[in-house]
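I opened the notebook to look up how the parts of this protein sit against each other. The entries follow the order in which I checked things.

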Amino acid sequence: MAIRQKPFGQPIYVTRPLLPDLDQVKEKLKEVWDSQWLTNNGPQHQLFEKKLLGVLGVPHLSLFNNGTIALIVACQSLRLSGEVITTPFTFPATPHVLSWNNIRPVFCDIDPLTLNIDADKIETMITPQTTGILAVHVFGTPCDVSRIQEVADRYGLRVVYDAAHAFGVDIEGEGIGTYGDISMFSFHATKLFHTTEGGALTYNNENLKQRIDLLKNFGIKNEEEVVMPGINGKMTEIQAAIGMILLDYIQEEREKREVILKTYHECLDDVEGITFLPHDMDGVEKSFQYCVLRIDEHAFGRSRDFVYNEFKKYNVFTRKYFSPLCSSYTCYKHLPSSHPINLPIANRIVSEVLSMPFYGGLSTDDITRICDILKSFRNQ
Ligand code: T4K
């Protein structure tokens, strides 16, 4: 098979971390060194926590060493047990945090447009063991938060949002982290905003603050009292310091990504068999976290897997987020809710999605070349 387009000289990944000016980092590190305080709720941590409240538009927040531990603590803090209804179309961390809490994940099918949990199907999955809903704003697209809350209220269920991809998203000016009982944000290096590793929980109920902060610090109340079996979920001073610096970079990064997204659309909107996930929803400020295509094999003439593999020959490393479905992992496929009959939409869509390179360091020329390569696959 002839390679018609020229491969890139350097690998093009799905993302690259946003890196602040190194001198600025050194200066900030000097502050940390001078303080001789590296973790355990130090001055950087306290500053960062305060600053983020405003950035995320939430009343309460707790910082964590990563998003997964944060989500484990969220389930603990709400005392979730038994069964929790979740989506199969997500990163492994989502169902795994339930397993780590001895909770059985119950997979519910997804909406064919947003790829989020189908709020209209949740009710059919509720049993006497159900204690909560763990929904994911996948790729930063908000779930149907009002419908989910309505179902939860009717059945007395807790709602936790995995908002790992949804930094900066709001609905009609309301921070996405204000919905449900608790939301989790990931600040992993691959996220638009990051602290190398890191995460946060946001919540409206101020009574949760004390419990969550105890749970992330071994349950230590003071030198004499340990009041619950907590874990080590603490964000370090260095993570918090990087976060403080990067907050000043995200607006520019979002603007760059806006141009990149526009270029992808200009190059691919007319290509039969290729569609974008919905980026623009009424009243929603978007995340600019991922650029996800859907490839209809029949209409495009090539499968998603063909495109993914072929791109590698051009030094372009796209990702099949989130394939395979969590419901087909060896640890979950035995569950009754994992049966493909229960998840027809998820099982169809999982073979169509492809996350494209999407970060501010890419030029318009890079994106045009990537799209030309993609278009050339049709004719091979
Ligand atoms: N819930 C959801 C819905 C999530 O998506 C995630 C994480 C979580 C929960 C858990 O949150 P955390 O505990 O992670 O805070 C990456 C990230 O590691 C993971 O955080 C993220 N979701 C997931 C969607 O993407 P991988 O396995 O794809 O990472 P990796 O190492 O293959 O990186 C992807 C590409 O990024 C590489 O090909 C190159 C580039 N890269 C990556 C790193 C780490 C760099 O250029 N530099 C880097 O330092 O999971």
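The entries below concern the contact between the two domains of a predicted model.

Entry 1, bounds. I took the domain assignment of the protein, which gives domain 1 as 22–246 and domain 2 as 250–376. I then looked up the distance between their centres over C-alpha atoms and found 25 Å. For the contact I counted 40 residues from domain 1 and 39 residues from domain 2.

Entry 2, area. I noted that the size of an interface is often given as the accessible area lost when the parts come together. For domain 1 and domain 2 the buried area comes to about 3200 Å². Carbon and sulfur atoms give 67% of that area.

I searched for salt bridges between domain 1 and domain 2 and the count was zero. I also counted residue pairs in polar contact between the two domains, with both residues at pLDDT 80 or more, and got 14.

Entry 4, the domain 1 side. I listed the elements that give two or more residues to the side touching domain 2: helix H4 (93–100), strand E4 (104–107) and strand E7 (170–171). E4 gives the most, with four residues. I sorted the residues of this side by type and got 24 nonpolar, nine polar and seven charged.

Terms used: Residues numbered from 1 in each chain as written. Predicted model: local features only at pLDDT ≥ 70, side-chain atom pairs only at ≥ 80, totals over all residues. Heavy atoms only, no water. Domains from an automatic or database assignment. Contact = heavy atoms within 4.5 Å. Buried area = accessible area lost by both parts, 1.4 Å probe. Salt bridge = Lys/Arg side-chain N within 4 Å of Asp/Glu carboxyl O. Polar contact = N/O pair within 3.5 Å; in protein donor to acceptor, adjacent residues only side chain to side chain. Nonpolar A, V, L, I, M, F, W, Y, C, P; charged D, E, K, R; others polar.
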